[in-house]
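Dear colleague,

I am handing over the structure we spoke about, with the sequence alongside it. Please have it open while you read the notes that follow.

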Amino acid sequence: MHDFLAITSYRCRWQLDLCLLLCSKTYYLLPITSYLFFMPGIVTSEDGFTRQYAGVLSVCVRVLSTNEIVKFLTPDKAEIDFGLKTKAITTSNPLGHKAEANRYLDENMPTAMFKVSSANTKTVALSANRGVAKVANSLENVIIQKQATQPLIAAAPVGGLGNGILIDAATNAAASMNGDPSVPLVQQPWATFVQSTPLSFAMGAGGAIKFSDDLVLDRAYVSLKSIESMDIVQMLFTSLGLCEWIMMFRNSDDTITKIQIPTIAINPEGAKAASDADGTEVKGNISITSGCAGYSIKDFARKVYC
C-alpha cells in the first residue's frame, strides 16, 4: 500500500511539472536525481529561440600595446568561428566493420573576422596587422599624364596632383607618338625653354608644363615622373601586435549581442591592396590566454534605437 502511494505521488508530481511547463512562457531544465522536469524560471523564453542575428552594429579594434582604437566604417559582416574539431573513438561492429563508438573534442582554435565595404590604406594596413602614420612635407615621386594639345599646360590647382612640384624639378618623361609607344623626351630649363627643340619639355612651378612644337603637332600623350612635396598617410611595416576585438550584433527583436575577444592576433595571410577590391576582410586567431574559450558571447536585453 505504501509503495502504491509513493508511485502515485511521484506520478502526480510529474504531471504538475508538465502542467507548469505548458502554462509558463519562461522555463528551464533542472536535473533531479534520476529524471528531469521543467520549472518556471528566468533563464530563457520562447523569444530566445526565435531571435536571429540581423546585422552588425559596430566592431571595435583596440591595440593592446598602445591602447589605440583603430577606426573604420561599420563592417557589413562579422563572425566568430569556434574552431572546434573532434576525433572519433572507433571500435568494430559484429560484422567486423570499423565503427564509431564515441567522439571527443580534440581542438579548440577559434578565429574571428569582419569585412568592411571600403578598401583603403587604413583598412588594408589593418588586414596586414600594420598601422598607418601621417608624414608632413614628404618628397614623393608622382606620375602625371598629359596630352600635348597646346604649348603650355597650366599649373595644377591648389590641392591637385602636381601643385607641390618646384620649378625645374628633375623630371623624366616619355611620349607616345608616330606609332611609337615610348619616345624619351629631354628636359629643358623653364626660363630658357626653346619651343622648336624637338622632343623636349620643361617643368614649371606647381606642375605647369611646356611642350615642344612637334609634341603639340602630334598631340602626343606624355607621361612624366617628377618629385612633389606633400603631406601623406603611409602604411607602416611594424606589427600592431595583439589586439582586443568587441563585436556588437543587432538581433531581429532589436536586442543586442556582444562578442568580446580580449586577445586576438590579426592574421595577415592574403592581405592585399587592389584597385578593384569590393572591400577589406580582417581575420584574426584568438589567443586563449586564460579560461577555456578566449571569448565571451552575451545577449543584452537593452534595444537599439534611432
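How many cavities of 30 Å³ or more does the count come to? The model is a predicted one, and in it the count comes to 1 cavity of 30 Å³ or more.

The cavity

The space inside the largest cavity amounts to about 40 Å³, and its lining is made up of V70, K71, F72, F114, V116, K122, T123, L126 and V282. Two elements, β8 (111-116) and α3 (121-127), each give two or more residues to that lining, and the largest share, 3 residues, comes from α3. Sorted by class, the lining of the largest cavity has 6 nonpolar residues, together with 1 polar and 2 charged ones.

The largest pocket

The largest pocket has a volume of about 260 Å³. Its lining consists of 16 residues, and of these G270, K272, G279, T280 and E281 are the ones that lie nearest the centre of the pocket. Strand β19, which covers residues 280-286, gives the largest share of this lining, namely 3 residues. The class make-up of the pocket lining is 7 charged, 5 polar and 4 nonpolar residues.

A nonpolar patch on the surface

Y53, F82, L84, L105 and I297 form a nonpolar patch on the surface, and together these residues have about 480 Å² of accessible area. One of them, Y53, belongs to strand β3, which spans residues 53-63. The relative accessible area of Y53 is 46%, so this residue is classed as partly exposed, a class that runs between the limits of 20% and 50%.

Salt bridges

Side chains of opposite charge can pair when their charged atoms come close. The structure holds 7 salt bridges, and several of them are described here.

In the pair formed by R62 and E244, the closest N and O atoms are 3.0 Å apart. This pair links distant parts of the chain, since R62 is in strand β3 and E244 is in strand β17 (residues 243-251), 182 residues apart. R62 is partly exposed, with a relative accessible area of 23%, whereas E244 counts as buried at 13% relative accessibility, because the buried class takes in residues under 20%.

The side chains of E100 and R103 also meet in a salt bridge, with an N to O distance of 2.7 Å. Both partners fall in the partly exposed class: E100 has a relative accessible area of 47%, and R103 comes to 39%.

K115 and D278 form a further salt bridge, in which the closest N and O atoms are 3.7 Å apart. Because K115 lies in strand β8 while D278 lies in the loop between β18 (255-267) and β19, this pair ties together parts that are 163 residues apart in sequence. K115 counts as partly exposed at 26% relative accessibility, while D278, with a relative accessible area of 59%, is exposed, as residues over 50% are.

Positive phi values

N129 has a phi near 60°, which is a positive value in a residue other than glycine. Its place is in the loop between α3 and β9 (130-147). Is N129 buried or exposed? N129 has a relative accessible area of 11% and is therefore buried, the limit for that class being under 20%.

R219 likewise has a positive phi in a residue other than glycine, with a value near 50°. R219 is found in the loop between α4 (213-218) and β16 (221-239), and at 45% relative accessibility R219 counts as partly exposed.

Strand β3, for its part, holds both Y53 and R62.

With best regards

How values were computed
Residues are numbered from 1 along each chain as its sequence is written. This is a predicted model: local features need pLDDT of at least 70, side-chain atom pairs count only at pLDDT 80 or more; totals for chains, interfaces and linings use all residues. Side-chain values use heavy atoms; hydrogens and water are left out. On a 1 Å grid over the protein atoms alone, a cavity is a set of points where a 1.4 Å probe fits but cannot get out, and a pocket is an open set with protein on both sides within 12 Å along at least five of seven lines; lining residues have an atom within 4 Å of a point. Grid points are joined across faces, edges and corners, and a volume is the space filled by probe spheres set on the points. Helices (H or I, at least four residues) and strands (E, at least two) are DSSP runs, numbered from the N terminus. Ala, Val, Leu, Ile, Met, Phe, Trp, Tyr, Cys and Pro count as nonpolar, Asp, Glu, Lys and Arg as charged, and the others, Gly among them, as polar. Patches are made of residues with over 30% relative accessible area and no salt bridge: like charges are joined within 9 Å, nonpolar side chains (Val, Leu, Ile, Met, Phe, Trp, Tyr) within 5 Å. Accessible areas come from the Shrake-Rupley method with a 1.4 Å probe; for residues, only the protein chains shown count as cover. A salt bridge is a side-chain nitrogen of Lys or Arg within 4 Å of a carboxyl oxygen of Asp or Glu. Buried means under 20% relative accessible area, exposed over 50%, partly exposed in between (1.4 Å probe, protein chains only).
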